[in-house]
Amino acid sequence: MTNTRSFFYASLLVAALLTAGCFQVGSDKTVLQLDNGNGKSISLTKDDLTKFRRSAIVAANKEGETSRYEGVEMVEVLRTAGVPFGDELRREKMTSYVVVESADGYKVSFTLAELDPDFSDKKVILATTRDGNALDEDEGPLRLIVPDETNRQARWVRSVAKVTVKSGD
């Protein structure tokens, strides 16, 4: 009787977690919500992210341990949503910024110019792997890596879930 009751309660817990969306089933589940600030919002899955050109960087964490991260450059993801870069990034658009939010609500920001290769050498990626392995549950499925920010890595966001472009006006 005790085993039956335990199984029943465990089944209820799993059903509740699945209903709440706490488990990801398959690769068709949205891993990133992207809002371009002009009314266009897109959802990207793991499969969608594999279609982007891959980029790799080697970066040291705050303890000095070096890892090779691979993923998609943030600028490429933003271009998909119609965010202006290059010659289109001028005048009032220069006040626009990006807010990157983790699954637990932690947020950081970047100016668009900071991410634009025409303005900066900064290479920011949404990593999907570390040292050739998928990111673990604490880091992934997406982690924002900012390689030139090594002493204080407050913008190395774990479990990135949402990216929103906002106007500074």
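**A conversation about a predicted chain**

Biologist: Is D87 buried or exposed?

Modeller: D87 is exposed, because its relative accessible area is 72%. The terms are set with a 1.4 Å probe on protein chains only: buried means under 20% relative accessible area, exposed over 50%, and partly exposed in between.

Biologist: What kind of model is this?

Modeller: This is a predicted model, in which local features need pLDDT of at least 70 and side-chain atom pairs count only at pLDDT 80 or more, while totals for chains, interfaces and linings use all residues. Residues are numbered from 1 along each chain as its sequence is written, and side-chain values use heavy atoms, with hydrogens and water left out.

Biologist: And what does the pLDDT come to for the chain?

Modeller: The average is 80, and 83% of the residues score at least 70. This score is the predictor's confidence in each residue, from 0 to 100.

Biologist: Where is the pLDDT below 50?

Modeller: It is below 50 over residues 1-27, a stretch that has 13 contacts in the model beyond near neighbours in sequence. A contact means heavy atoms within 4.5 Å.

Biologist: Which residue of α3 could we look at?

Modeller: T80 is found in that helix. T80 counts as partly exposed because its relative accessibility is 36%. Not counting residues up to four places away in sequence, T80 touches K40, I42 and F52.

Biologist: Why does L49 count as buried?

Modeller: L49 counts as buried because its relative accessibility is 4%. This residue sits in helix α2 (residues 46-49). Apart from residues up to four places away in sequence, L49 touches V31, L44, R54, V72 and L142. L49 and L126 are 77 residues apart along the chain, and their C-alpha atoms are 9.5 Å apart.

Biologist: What share of the chain is buried?

Modeller: Buried residues make up 38% of the 169 residues.

Biologist: How many residues are in the largest nonpolar core?

Modeller: It has 39 residues, and those with the most contacts inside it are L32, M74, L78, V100, L144, V160 and V163. Helix α3 (residues 74-80) gives the most to this core, with four residues. Such a core is a set of buried Ala, Val, Leu, Ile, Met, Phe, Trp, Tyr and Cys residues joined through side-chain atoms within 4.5 Å.

Biologist: Which residues is L144 in contact with?

Modeller: Leaving aside neighbours within four places in sequence, the partners of L144 include M74, V100, F110, L126, W156 and V160.

Biologist: Finally, what share of the contacts joins residues 24 or more positions apart?

Modeller: Such pairs account for 55% of the contacts in the chain with a separation of 6 or more.

Conventions. Helix = DSSP H or I, 4+ residues; strand = E, 2+ residues; numbered from the N terminus.
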